[in-house]
Amino acid sequence: MTPFTEKVIAIIRSIPEGKVMTYGGVARAAGSPRAARQVVRILHSMSRKYKLPWHRVINAQGRIALGIDESGAMQKLYLLGEGVLFDDNEIIDLEVFGFQPAEEDYLFPPLE
């Protein structure tokens, strides 16, 4: 596993209940600001294995990036259950619910 992947996993694990981060925000915090798509791939392939709170990662517009299918509806329900609110246009206010981790928030032992 690459150091970037380990950092992404640690950062996503550090997002507290009731907060969200964007794919780009996770990539920036992991040291590669242009790697938002890589964050998507990591979430897709490793969420179950590492029990990641995948539902707390959204797009840069404050929207759920998944379609209106079952996964998108599930993500919205999880976020609502944690107190994250959506406006009438299905947008999350990143000023209110956005999370900006400090480095010490996601320094965990290496993954196995």
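In which helix is Leu77 found? Leu77 sits in helix 4, residues 70-81. The model is predicted: local features need pLDDT of at least 70, side-chain atom pairs count only at pLDDT 80 or more, and totals for chains, interfaces and linings use all residues. Residues are numbered from 1 along each chain as its sequence is written, and side-chain values use heavy atoms, with hydrogens and water left out.

**Overall fold**
- The protein has five helices and two strands.
- Helices (H or I, at least four residues) and strands (E, at least two) are DSSP runs, numbered from the N terminus.
- Along the sequence, the pattern reads α-β-α-α-β-α-α.
- The C-alpha trace spans about 40 × 25 × 25 Å along its principal axes.

**Nonpolar cores**
- A nonpolar core is a set of buried Ala, Val, Leu, Ile, Met, Phe, Trp, Tyr and Cys residues joined through side-chain atoms within 4.5 Å.
- The largest core holds 19 residues; Phe4, Val8, Ile12, Val26, Val39 and Leu43 touch the most other members.
- Helix 1 (3-14), helix 2 (23-29) and helix 3 (36-46) each supply at least two residues of this core.
- Helix 1 gives the largest share, five residues.
- Apart from this core lies another, of eight residues, among them Ile58, Phe86, Ile92 and Phe97.

**Burial and exposure**
- Buried means under 20% relative accessible area, exposed over 50%, and partly exposed in between (1.4 Å probe, protein chains only).
- Of the 112 residues, 41% count as buried.
- Leu77 counts as exposed because its relative accessibility is 60%.
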